[in-house]
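Please take a moment to look over the sequence and the model below, and then follow the paragraphs with the structure in view.

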Amino acid sequence: MGGMSMAHPQQQPGMQSPPLGAQKQQQRTRRAYAAASPVQNAAPMGATGYPPMNSGAQQQGYPPAPSAPISGPQTFVPGAQAPAPVPAPGSPYGRSPGDTALMQNPGQAHYQQQQPPQQMGQQAPYEPPKPRIDPSQLPSPIAVHTRDQEVYTSEPYSTANKTYVPIVSTEYTAVDEGNSNPRFVRLTMNNIPKTAELLKSSHLPMGMIVQPLADLAPSEDPVKLIDFGEEGPIRCLRCKTYINPHMVFINGGKSFVCNMCRHENDVPDDYFCNLDMMGRRLDREMRPELRNGTVEFVATKDFITRAPTPASFVFAIDVTWNAVQSGMVAQAAAALKSALYSGLGLPVGTKVGIITFDRSAHFYSLSPLLDQAQMMVVPDIQDMFVPIHEGFVVDPLESRHIIEPLLDALPTMFAKNHTAEPVLGAVVQAAHEALRARGGKLFVFQTALPTFGPGSLKQRDDAKLHNTDKEKALYEPQDSFYRDWAVKLVEEGISCSLYLFPAAYMDTATLSQLSTVTGGELYSYPAFEGGRDGQRLVADLRADVNRTYGSSAVLRIRTSDGLRVDEHYGNLFMRNHVDVELAGVTSDTAIGALLQHDGKLDENQDVYFQAALLYTTSDGQRRIRVHNLAIPCTTLIGNLFKFSDVDTSMNLVAKVAVTEALTTPLRSIREKLTDQCVQIHTAYRRNCATHNSPAQLILSESYKLSPLYTLSLLKSPAIRSGADVPVDQRVYHMCLLRQFSVRKSLDYLYPTIAPLHALSDTEGATDEATGKFVLPALVRASYPMLDPAGAYLLASGGSLVLWLGRQVSPSFVQDVLGVSSLEAVDINAHELPELSTTLSQKVRAIAERLVPARAGYANVQIARQGMDRAEVPFALMLVEDRNNDNMSYVDFLCAIHRQIQIETRPKENRQEQPKWSYNS
Ligand SMILES: [Zn+2]
């Protein structure tokens with residue numbers, strides 16, 4: 001394989017060599033560990049006790065040479081998982097509350113037994129044993145998720161259970177019994193520490209991710225809408241908390257005590273109700289606001305700054321030479337047509353407008369009274385205005401006979417357009433003018449750095465800065481034009497979805513201000529080719545346009561006295577410290593909040609949270625959606641660990657990391673992320689697992705996946721080292737982590753890999769008894785886990801790869817791809833052919849299943865083992881292997897363990913220990 005670097009002796013199959021500097025660094029690091037641990041780690045870390053992987057060490061480089069059989073994987077049954085631990089007695093949720101002990105130094109006797117026969121009785125150089133790690137015992141998301149799914153497959157989840165919450169990827173039906181469904185709000189810990197000191201000693205992050213308009217499962221009750229009339233919903237007079245199930249009625253029902261600030265409020269006469277013997281209102285069951293954690297109120301006039309109108313979506317499509325030639329214009333037009341007129345269609349009441357642009361901007365009158373669209377060109381982009389007053393935004397169904405032919409014609413209309421330099425800045429100004437006073441959303445399709453007209457940017461990428469502490473300058477906007485206009489868009493309730501198609505540097509950092517400030521989203525398609533990437537664009541745009549949407553939103557998070565929100569994270573704008581302004585909000589919008597103590601909490605009381613979102617629905621209704629949580633307070637550090645939520649924590653940690661990357665070198669961010677992981681597990685070790693031998697790595701049950709997720713985050717293009725990550729790509733991935741929901745960040749941090757070659761009758765189809773789709777047992781993200789005689793689908797973020805082992809059976813290839821041999825497979829095909837075989841149907845059903853967030857599935861990339869270049873990016877997604885300038889999962893766990901041992905040693909023995917110095 002051309003361009004691959006030389007193999008490293010310890011290299012495992014399926015691994016790309018890190019750059020030389022990084023190798024040196026890793027070798028140095030290994031020596032450091034070896035010095036620190038003569039008993040355990042003198043063996044190369046890459047070889048640490050992972051016999052199946054070691055046995056492939058003779059193989060050189062990646063992809064594995066066809067002649068070298070992979071000897072390791074055969075000892076594994078692909079897809080086989082460690083048996084789930086038996087649920088502990090008294091644990092109603094089937095989770096073992098115990099610890100995970102992973103490795104143990106064998107004793108001296110054991111060491112002697114391990115000596116090769118020829119060394120017995122000789123003065124052999126001291127070669128300590130390798131710690132033996134059973135790979136099946138490494139904490140695995142698959143085992144954890146499978147076990148959680150089993151709990152909720154047959155039984156619903158009651159939100160009255162405040163401490164155990166389903167894992168975000170689990171399919172569950174939540175019954176709202178006073179706490180919000182975890183789809184809306186997830187906390188990083190479901191026990192709140194009484195004091196700041198307790199939190200600090202755990203090193204755990206304390207915060208929440210709010211997804212205020214998240215989609216509910218079809219089996220769940222819709223959110224109840226309540227109209228309190230002109231007076232509006234009942235609120236605490238002092239702190240403005242909205243009425244909720246956790247407010248306590250007293251004085252025979254004449255007063256209520258606010259659950260946040262303890263203020264005693266009078267009950268308005270028309271809201272009075274008698275109390276029962278338990279002190280609860282007799283009408284409690286009749287009133288959703290006293291029963292449900294999540295409700296929606298009709299907003300009163302006080303919350304209406306301008307007349308709410310139905311949403312208007314304006315699509316602005318770059319039609320310069322590159323845009324047309326790459327196929328972007330044709331695909332964007334097709335995607336738009338599909339989004340408007342098939343499937344779910346636009347949110348209720350939404351209107352549509354279309355702009356095209358190159359060095360000038362073109363507006364279209366789409367009035368239903370016309371026979372065809374009329375184009376008007378504004379050539380003077382320095383003085384932008386919208387030349388159409390009526391018919392610029394229209395009902396897409398009324399004007400379907402105008403819009404469809406226009407979209408069909410766009411690619412040919414501009415086929416001979418030789419201009420370059422699409423004038424993005426002028427388009428933003430025009431959209432601002434067109435949508436002013438009505439709000440809405442701007443969808444921009446841009447293929448190049450804007451170098452002409454208002455908002456022109458300079459080419460400032462500098463390879464000399466890459467992989468240095470100064471690289472962060474490139475993550476900052478180069479000037480304030482786009483941020484200033486983004487703020488103006490926010491003021492008018494206009495959000496922006498930015499679709500970038502970089503063929504060369506286009507300063508994503510500066511342009512992405514349009515989406516990050518306005519509550520929008522960023523999409524990126526490097527080196528776009530219509531044939532290859534068109535499907536993904538269609539799927540992305542459909543999902544973007546068709547989902548639940550609101551505008552002119554303000555989110556406010558309230559907490560019990562004693563806590564406060566320290567910082568908010570996500571695509572948002574803030575004028576003060578409490579109100580999160582979201583020009584647009586969708587079912588995917590996820591906002592992070594880092595919490596802090598500003599006093600002591602009462603461990604005898606629950607701690608309360610209320611996230612209230614004021615917004616305008618797509619059909620122009622002003623609403624307040626309120627999410628409530630009541631969570632126990634604790635004085636025990638063990639409970640903090642026991643009830644922590646690692647997926648939510650990692651989402652928040654990633655959001656904080658990419659935000660800090662603007663001001664802190666990535667090198668420091670990487671060190672901090674690793675150190676945080678070490679400190680958390682050290683705290684657990686020190687406080688909750690003191691009885692175990694230091695030779696054992698003890699991980700808290702609920703947090704045991706944090707090393708794997710931390711490693712994966714370190715390997716992400718947003719954070720990883722290496723000068724080979726183009727800065728646009730880095731910034732794009734930072735934006736992803738900033739905007740991701742917990743579900744999406746989990747998918748991003750650990751790919752889903754489904755084996756396809758041994759499906760049982762029930763797998764790959766919907767179980768008629770339960771109505772649930774049955775996936776085959778998933779496989780861990782590690783090359784040695786893949787069977788060369790197998791075939792697998794890998795889904796990670798927007799990527800879907802079909803990997804075909806070298807020895808996969810010809811009948812599989814025939815049944816799924818319609819050709820007789822591996823050699824005959826068309827690797828340029830980007831869809832799975834629709835064959836009539838059962839296997840083809842099952843594989844396509846699994847493919848759709850693995851990318852559930854999208855309308856269809858993304859384009860499929862085929863990678864044949866040892867044959868295709870596409871195997872390289874595929875292997876880089878296998879986060880448990882050594883790749884992406886970083887360690888393997890096993891090595892990382894060993895390194896974490898070593899550091900924990902150093903941290904937990906008595907102080908006097910800790911001198912001269914190497915500082916944590918892994919990969920910089
Ligand atoms: Zn209050």
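Does Cys239 count as buried, partly exposed or exposed? This is a predicted model, and in it Cys239 has a relative accessibility of 22%, so this residue counts as partly exposed, because the buried class is kept for values under 20%. Cys261, by contrast, counts as buried, because its relative accessibility is 7%.

Cys239 sits in the loop between strand 7 (224-226) and strand 8 (248-250), while Cys261 sits in the loop between strand 9 (255-257) and strand 10 (264-266), so the pair ties together parts that are 22 residues apart in sequence.

Elsewhere in the model, we can turn to a pair of helices. Helix 16, which covers residues 646-660, packs with helix 17, which covers residues 666-688, at an angle of about 155 degrees, and their axes are 10 Å apart. Angles over 145 degrees count as roughly antiparallel, and helix 16 and helix 17 are therefore described in this way. Their crossing is right-handed. Where the two helices meet, Val653, Ala657 and Glu660 of helix 16 are in contact with Ile669, Lys672, Leu673 and Gln676 of helix 17.

Key: Residues are numbered from 1 along each chain as its sequence is written. This is a predicted model: local features need pLDDT of at least 70, side-chain atom pairs count only at pLDDT 80 or more; totals for chains, interfaces and linings use all residues. Side-chain values use heavy atoms; hydrogens and water are left out. Helices (H or I, at least four residues) and strands (E, at least two) are DSSP runs, numbered from the N terminus. Buried means under 20% relative accessible area, exposed over 50%, partly exposed in between (1.4 Å probe, protein chains only). Axes are lines fitted to C-alpha atoms, for helices over the stretch in contact, and angles run from 0 to 180 degrees between N-to-C directions. Angles under 35 degrees count as roughly parallel, over 145 as roughly antiparallel, 65 to 115 as roughly perpendicular and the rest as oblique. A crossing is left-handed if the near helix is turned anticlockwise from the far one by less than a right angle, and right-handed if clockwise. Contact means heavy atoms within 4.5 Å.
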